[in-house]
Amino acid sequence: MLILLTGVAGFIGARTAQLALDAGHEVVGLDNLNDYYDPRLKRHRLEPLIQSPGFRFIEMDIEDAPVLERVFADTRFDAVINLAARAGVRASITDPRIYLTTNTGGTLNLLECMVRHQVGKFVIASTSSLYAGQPMPFSEESIVSRPISPYAATKLAAEALCHVWHHLHGIDVSVVRYFTVYGPAGRPDMSPFLFSESIRRRLPISLFGDGSQTRDFTYIDDIARGTLGALQPLGFEIINLGGGFTPMSVNSMIAQLEENLGTTAIIQHQPVIAADMQDTSADVSKAARLLNWHPTTPPALGFQLTAQWHTQHADWLDTVVL
Ligand SMILES: NC(=O)c1ccc[n+]([C@@H]2O[C@H](COP(=O)([O-])OP(=O)(O)OC[C@H]3O[C@@H](n4cnc5c(N)ncnc54)[C@H](O)[C@@H]3O)[C@@H](O)[C@H]2O)c1
């Protein structure tokens, strides 16, 4: 397949592109390399991809409809994987508009190009944040019309647009809802990366609440594999990709990182943020049924690999802005 993959310099995009190339696909990767977090991390993730023969990188913004149109006119894609997004729950409270224009408007631009250029398959990343307030484990059948963060609202709107474009234009859509993804070369605004770096550098970490909140942490390789699995024709489906092991408290995650980094965390407790969820837990039976997807990396191994990456890259990570 020739795949257009947006957000390719991102945490999940880079790993998904690498696994796609390893599987023999060709990938055109788009990213605007914005500075929401230190762009050197994005360039670090891009380096090995750019050296791969089946890969081409285009630095551009998915909000730029005319340029996007030229990309589709130049190359006939078999599928689009849309991972480009503003992805931070807390940052979406202070800057909601960019979340709307990228997550929802950018998705609309892609769907319109796909219809004009007859690209039939769309995979889009969505989020477990939509399940706030729903009974656990979170199932795709839950009604998710009451988001509690601007981020979740813009992802819900993107999901809705996908359904409309499926209904009106027959685009085949897989919406994959991810649950707290972690692993090497992660995102500095997420606790697994931020806490790993802070523990390693002996800096204080801000812990919102008492750390008893739980997450269905999902290892990056499992997520990338599930995302590629979702390229198969499905009609329109929403599929959880998450966890598969017992959800873990943030305190337990810190303990695992301390053990693997060989030093203790300096914790500063902060009040709970209203847009944060207390617990997440995924029902992944649909992913097993439709995609034959089973997560294979338990947290004990995943956090060990994550800590190892931070230790191995300590020299240049020291200069990355947290
Ligand atoms: N990491 C998680 O735990 C998680 C959980 C749920 C959903 N998701 C979703 O998965 C996707 C990937 O997330 P990630 O964790 O890799 O985030 P990330 O921020 O590392 O990656 C997103 C990439 O998109 C790029 N981008 C942002 N706006 C763009 C634009 N307008 N045009 C072109 N490129 C743009 C960024 O530069 C970045 O490289 C996102 O859609 C996110 O909402 C992630």
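Trainee: Which helix gives the most to the shell around the ligand?

Mentor: Helix 1 does, with 3 residues, where helices are DSSP runs of H or I with at least four residues and strands are runs of E with at least two, numbered from the N terminus. This is a predicted model, in which local features need pLDDT of at least 70, side-chain atom pairs count only at pLDDT 80 or more, and totals for chains, interfaces and linings use all residues. Residues are numbered from 1 along each chain as its sequence is written.

Trainee: Which residues come nearest to the ligand?

Mentor: A residue is near a molecule if its C-beta atom, placed from the backbone, lies within 6 Å of it; of the 29 residues around the ligand, G7, G10, A85, A125 and V181 come nearest.

Trainee: What makes strand 3 and strand 11 edge strands?

Mentor: Two strands pair if DSSP finds at least two bridges between them, and 7 strands form an open sheet in the order 3-2-1-4-5-6-11, with parallel pairing. Strand 3 (55-59) and strand 11 (236-241) each have a single partner strand, so one side of each is left without a neighbour in the sheet.

Trainee: How do you know that strand 6 and strand 11 pair?

Mentor: Strand 6 (residues 172-178) and strand 11 share 6 bridges in the parallel sense, and the definition asks for at least two, so they count as a pair. Within these strands, V175 stands opposite I238 in strand 11.
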